[in-house]
Amino acid sequence: MSNKSKELVQKENAVQAIIVVDTFDDEFLPLSNDIPHALLPLVNKPIIDYTLEFLSLGGIEETFLFCCTHIDAIKQHINKCVENAEEWTQTMKVNVVVSESCRSFGDCLRDLDAKGYLRGDFVLVEPGTISNINLLPLLEKHNKITKIDKGAAMTLIFQESGLGHISRCPKEEVLMATNSSGRVLFHKKLGTTRERKIEFPLEIFLENSTVSLRHNLKDTHISICSPAVLPLFSDNFDFQTRDDFVRGLLMNEEILGMTVYSNVLKGGQFGGAVTNWRTYQTLSHELKNNYVYPVQPSQKHNSFLKNDVIAGQNATISKSAKLNNVIMGDNVKIGENVDISNSFIFSNTKVEDNVTISLSIVGPNCLVKEKSKILAGTVLGKGVQIEKECFVEDALVQSTRPDELDSRDVLGKHAFRLVLDDNEPEDVVDLALARKLSRLHIDQNLGEESEDDGFSESEDERSSYTHSPAPDDTKLFFTEVIDSLTRGFEDKLQCDNLILEINSSRYAYNVTVKEVNFFVIKAILIMSLRQPMGPQYFSQLQRLLQYFVPILKNYLRNESAMLDCLQAVEDVATSNENLTEKWVMFVLQYFYDKDHVTEDAILKWYSTLDKKSNFHAQVKPFTDWLQEAEEASSSEDE
Amino acid sequence: MTHKEDLSDINKLISDIKQKKLITSYEIALKTEEIVEALISKRNWKHADELMDLIKLCIKFCTECLPQEATATNIMRHILKVIREEFEVVSKKKTEIQSLHQLVTANPNDVLDYTTPLKDLKMSLLDHLSEYKVELETSTDNIATQAAEHIHTNEIILTVGKSNLVEKFLKNAAKKRSINVIVLEQAPLYQGHEMAARLAKANIQTTIIPDSAVFAMMSRVNKVIIGTHTVLANGGLRAASGVHSIALAAKRYSVPVMVLSHMYKFSPIYSASHKQEAFNVMASPANVLPYSSGPILNKVQVLNPVFDYVPPELVTLFISHQGGNAPSYVYRLLSELYHQDDYYL
Amino acid sequence: MEEQKIKQYFLKIIKEEEDVSIGVAAIRTLLEIIRQSKSETVQELELILKDAINIMKNLNIPVAGITSGCELFLRFITLTTLDASLKEVRARMLERGQMFLKKLNESRNKIVRIASDFILDGSSILTHSRSRVVLQTLIEASKQQRQFHVFVTISAPDDSGKHMHKDLEAAGIPCTIILDSAIGYIMEQVNFIMVGAESVVESGGIVNKVGSYTMAVCAKEMKKPFYVLTESFKFTRLFPLNQTDLPAEYKYNSEKRKNIDLQKAHPLVDYTPPSYITLLFTDLGILTPSAISDELIKLYL
């Protein structure tokens, strides 16, 4: 280090940057066990290479690479780059700073503060950043701001990005208010909050003549920092991430006397970071489409085939393989009749004949044996072997046996399903939701859907769409059914046509018959709930049901369908106190009277109910009556 | 390993080009010449062979890092030829360039040995290079002074985008004659706007039209005068994207297409080779369809090629500081500019 | 060497060594003659060589290759004349003759190297008849793992295309044989044309197996590049103005020339003017047709 610091003194005015390479989260499990985040191949080039290339092109002369895990691998990689005289090594000096004790982004910066390497304004880059921004003008601008506002600590760099763009990771949705000079007055990441309303402090409107509220931004994960940033991290031990820092500064503006500015990129300038699989996917897509020009995947290394397929060196692909939007690493072998779409296959992996892979990530050195199916958001770790005719869906699979293992999670000798333990129970929903949001982007049309949702929901003052679970297929189907029925009822459409409509959506979203029955009934009940809960509620519901009789007749044909119907009633009722207490009896009575459900079905369903629940209590009188009636009738018969 | 140190200047050049500190080919050409001159005068080389190897290394490195950048490598390639010539002069030996004649007459004994150390070589090389530098510096003016020979009074000239050379050429013509210039705006960067503004400032009657109007306007145009990025070995062009369609429209109306080019833009490369990716670059589509356009970007693929290949039959004349040449004569210019052994490195 | 021996030696090379072009075979024969000759003066030697050339030309073999190769060789010989004893001169001639031959043999590899770069992944190529240098270029590109498809004309009257087709298949290159009359049909499917040449004339045009001209005209109409692969020893001092202007010895073999009314005979070769040729790949580099005359002028001026 002494040698290095001597050189530092020589280059007094070098423009400096800090890269923190560890993410401190488990987004990339199980792959992150074997490959550090920085070396994860993105279009067959380690992410860190893009970052370094960007920094060198951006005018940075000295970079501190801060790493806490996989230190050897990263050091080795950097040394290799220097040996190969990669372009960036020519204009930029990279120092690897190591500290194994750091547990968060904030810790890293505190450590750096203690070491005191940085002299002036610097660029702070979060893990996985890829960009083509020219940093020098931004640094200059920041410098100008600090001349006017002595307390300016940080300039956040954002990129304009339209609503519904796939690059907008729902987890990273940002809402920001700035004044005319770009000072950030309000900054909130919407992705992980559960609040339904966002409250702006009144002061920001009172104290500023103009305030712009922006929601069309994408965080580039790049920020320009004043020297004051590191000491601020040291002084405030609760700052774990950059967002904590921004929040803390805004909250304690008066106390700390520090401000944050923002800068929005326009034109060909691009920035983004690989923070989870979804951003991994979108950044691959954008690299492929040259959005990050002149930072590009290696042209020599990759061959670009048709259908958006990219293959590394020595890839063997059979002629009969159907590939669509796939990125493959080096030495990948693809067998006959393989069907791969929207997926990533890492190096040295072999895919045998008749395998289907879609929307998944297959790690390096894997073997997928004949006729297997790997679907929807699966991630295979390094060296996993999937056995013949295996079916894997939406799972994280690793090759080594985890400590605690459920027998269900064994998929093969070298394949174990990884279940992430979520420690804090109250957060379970949040975590599960966050995970869903960070998975691969499933449907190309989804972007639009969620955009529409975003509008309608905010208008209705219901929850923002970022809170609802990621719209999966059944959920989409359900909203479609509600839409069809509502429209049908309002416009007095023929029920036969509505049935056709529902059936076609059913095939579009690949929903089972049972789910169709369930959702149709649920939809009708939900519609009825839109009415005021007064005494006229039931008559309103009756009108609805009356109108939809042909539909009910069509779907409720046998006992299992009736059970589905009753489950729907239960489902809606348990989520709505009013309905449970007042109306559930009447609803059941109605269904029974009109012969939509049989007595047997009701009793069978009733026996499955939780005896202690409020709902059970509400239903009991009705079923009791039914049983009595039956006994009576049977005795009459005798 | 001295390898890295040798290339440090070239590295600086490459990063300057990449960071857009050097933009025009003229700047790059001058800078490259300076670097090689410094290399010759300061570096401790023993004989011509060593020096040539050094420069060849620079060329290779340059083509690897900037496959589309022909100017810097061409300058270096020309200097290689200069070294060979000076060596012959100083050592009073002659070598034949590869030809049928040489094939028949060559004597295996008179292959030049470049490893012979020569005392005067360095001085004469530096002399020659300073001449060459003057040639580079005056190239633009030399080309511009020919304007009056090619442009006549009241002619309508069509040009595209922005080129310093074309601008100077037209301004020079306008000094003596009244001309009318039509500028294509050249989407998506719209550099034509700036060009038109500059011409208008020099009191030239200027009209700006969208790229799509080129065919409609061509019937009234007398001459098309354009710059180019590179002139290929077969007389074709690697020019800004959109030039091919202009050349085709000109062909349709039999309008002569004149290409202004410095000598260092003539390159011994062809358009069709398996290293095809190196021919064109796809720039960021953000200029075509802004990144903020939203969900549409999820569905479309936007291409923004930087270059066009224009076949030689669509070019009427190249104007360099040596005068006008037909495309079929390019091979000859190349053999004058570079030694044949240095064509492919 | 007697006439019979010359014939035998020459025909033996052609028969036994598939890979050797006629021009090279002729030059080798001439070298052998020098080696064996007992002539007393240089002039006599020259006369003997000229006779031998005539003998070879009168065999039933395309004459174009022989003419250009031998002419070049003679030029080469005359340029070496030295005022020394005949023995010395002969030794010098032989030495330089071998060198010349070595260069010629290297030339094909050079062409293969520069031309194979033009074969892109996924392209389809049309070729005519059988040309050794085209064949080797295609094989080289295939060795470099490039995927492409070749269409070969049958090439009547000797059906040499079938031979080419067999060779390509043996090398594992996907190829299709087509009728000579299907050139127009196939042209829209191909990316470019790659043919060899029997000789290259001063205008920059080529003389090649009959049908090449048809192909070139078609290619021009459909704007497909027409590439010619040829060694520089095939450059000939000849300036044909049109097809009939081609010397009869090029177009018909000696037997026909003697016996049949040439009006009724099928020509073996045709002349493709330079305007139809995109580029020529030679051991001197990639040349445009206009560069050919430059090269020839430099030699014979």
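This is a predicted model: local features need pLDDT of at least 70, side-chain atom pairs count only at pLDDT 80 or more; totals for chains, interfaces and linings use all residues.

Tutor: In chain C, seven strands make up an open sheet of mixed pairing, ordered β3-β2-β1-β4-β7-β9-β10. The edges of the sheet are held by β3 (175–178) and β10 (285–287) of chain C; each has a single partner strand, so one side of each is left without a neighbour in the sheet. On average, and with direction ignored, neighbouring strands of this sheet are turned by 25° against each other.

Within that order, one pairing may be followed at residue level. Strand β1 of chain C, residues 123–127, runs parallel to strand β2 of chain C, residues 148–153, and five bridges link the two. One residue pair can be named here: L126(C) has F151(C) in β2(C) as its bridge partner.

Helix α6 of chain C, residues 132–143, lies across β1, β2, β4 (192–195) and β7 (226–229) of chain C. Its direction relative to β7(C) is given by an angle of about 105°.

The description of this part can therefore be assembled in sequence order, given that strands are numbered from the N terminus. β1(C) covers residues 123–127, helix α6(C) covers residues 132–143, and β2(C) covers residues 148–153. The edge strand β3(C) spans 175–178, β4(C) spans 192–195, and β7(C) spans 226–229. The other edge strand, β10(C), spans 285–287.

Technical notes: Residues are numbered from 1 along each chain as its sequence is written. Chains are lettered from A and ligands numbered from 1 in the order in which they are written. Two strands pair if DSSP finds at least two bridges between them. Helices (H or I, at least four residues) and strands (E, at least two) are DSSP runs, numbered from the N terminus. Axes are lines fitted to C-alpha atoms, for helices over the stretch in contact, and angles run from 0 to 180 degrees between N-to-C directions. Two residues are in contact if their C-beta atoms, placed from the backbone, lie within 7 Å.
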